[in-house]
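Trainee: Hi! Could you walk me through this structure, a bit at a time?
Mentor: Happy to; let's open it up.

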Amino acid sequence: MKIKSAVFAVSNTDHAKCPSGDLPEYAFIGRSNVGKSSLINMLTSQKNLAKTSGKPGKTQLINHFLINEEWYIVDLPGYGYAKVAKSQREKFEKFISEYLLKRQQLINVFVLIDSRLEPQQIDVEFMNWCGGKEIPFSIVFTKIDKLSSSALQKNMAKYKKELQKFWTELPPIFTTSSESGFGGEKLLNYIEQINNSITSK
Ligand code: GDP
């Protein structure tokens with residue numbers, strides 16, 4: 001898919017106030033610092049569309065970006081920061097889960113995983129929660145430029161094994177590097193394919 005336009009649409013904490021209309025939405029979520037903003041900027045070929053930050057827990061809003069005037073990238077707040085107060089964490093966990101559960105336009109959630117790490121409980125729990133609620137999701141292993149391909153294969157295998165403890169079928173899996181641009185086209189083509197199947201219905 002060629003990106004012709006990518007513009008910020010709206011930020012809020014209430015799924016009911018997200019854009020009206022029936023354009024398909026693809027949400028991106030992951031632990032803070034996983035490389036979510038960098039990936040969104042890489043996919044859209046923009047430097048600062050999503051705000052990269054060294055400060056965990058900064059983006060605590062649901063951000064909609066309109067792509068090609070046809071679909072939305074939805075940048076969800078990162079989860080799992082130790083430094084945010086529990087009461088605040090619960091508040092935004094609630095609006096994220098409401099968005100994920102209630103948003104009719106949501107087509108798929110891309111769950112970002114830092115490819116360098118061993119399976120993290122919070123990520124596995126989140127994916128199991130999505131699976132249990134029948135929220136379609138895919139896994140995106142980020143920052144693959146930071147490790148060798150054998151280390152990547154090993155880490156991916158560990159994640160798959162962990163998920164297979166709970167599920168017989170695995171979700172689609174992508175590998176990306178915002179540094180080199182690797183994986184961007186494949187991910188966008190995946191989105192395009194789904195968009196085409198929706199419009200041809
Ligand atoms: P976010 O908190 O999930 O939005 O993460 P950011 O996109 O702000 O990235 C966190 C840090 O990881 C930043 O220092 C980025 O430069 C770095 N980073 C993100 N993606 C990649 C990648 O694909 N490769 C490398 N080497 N670094 C990355």
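**Met42 and its surroundings**

Mentor: Leaving out residues up to four places away in sequence, Met42 touches Thr176, Ser177, Ser178, Gly181, Phe182 and Gly184. Contact here means heavy atoms within 4.5 Å.

Mentor: Before we go on, this is a predicted model, where local features need pLDDT of at least 70, side-chain atom pairs count only at pLDDT 80 or more, and totals for chains, interfaces and linings use all residues. Residues are numbered from 1 along each chain as its sequence is written, and side-chain values use heavy atoms, with hydrogens and water left out.

Trainee: How far apart are Met42 and Ser177 in sequence and in space?
Mentor: They are 135 residues apart in sequence, and 8.7 Å apart in space from C-alpha to C-alpha.

Trainee: And does Met42 count as buried or exposed?
Mentor: Met42 counts as buried because its relative accessibility is 17%. Buried means under 20% relative accessible area, exposed over 50%, and partly exposed in between (1.4 Å probe, protein chains only).

Trainee: What about Ser45, buried or exposed?
Mentor: Ser45 counts as exposed, because its relative accessibility is 66%. Ser45 is in the loop between H1 and E3.

Trainee: New topic: which residues touch the most other members in the largest nonpolar core?
Mentor: That core has 31 residues, and Ile29, Leu76, Tyr99, Leu100, Val109, Val111 and Met127 touch the most other members. Among the elements that give two or more residues to this core are strand E2 (25–30), helix H2 (86–102) and strand E5 (106–114). A nonpolar core is a set of buried Ala, Val, Leu, Ile, Met, Phe, Trp, Tyr and Cys residues joined through side-chain atoms within 4.5 Å.

Trainee: Okay, and the ligand? How many residues surround it?
Mentor: 15 residues surround the ligand, and the closest are Lys36, Ser37, Ser38, Asp145 and Ser178. To be near, a residue needs one of its heavy atoms within 4 Å.

Trainee: What lies 2.9 Å from an oxygen atom of the ligand?
Mentor: A backbone N or O atom of Gly35 does. A polar backbone atom of Lys36 is 2.8 Å from a ligand oxygen atom, and a side-chain N or O atom of Lys143 is 3.1 Å from a ligand oxygen atom.

Definitions and conventions. Helices (H or I, at least four residues) and strands (E, at least two) are DSSP runs, numbered from the N terminus. A polar contact is a pair of N or O atoms within 3.5 Å; within protein, one must be able to donate a hydrogen and the other to accept it, and residues adjacent in sequence count only if both atoms are side-chain atoms.
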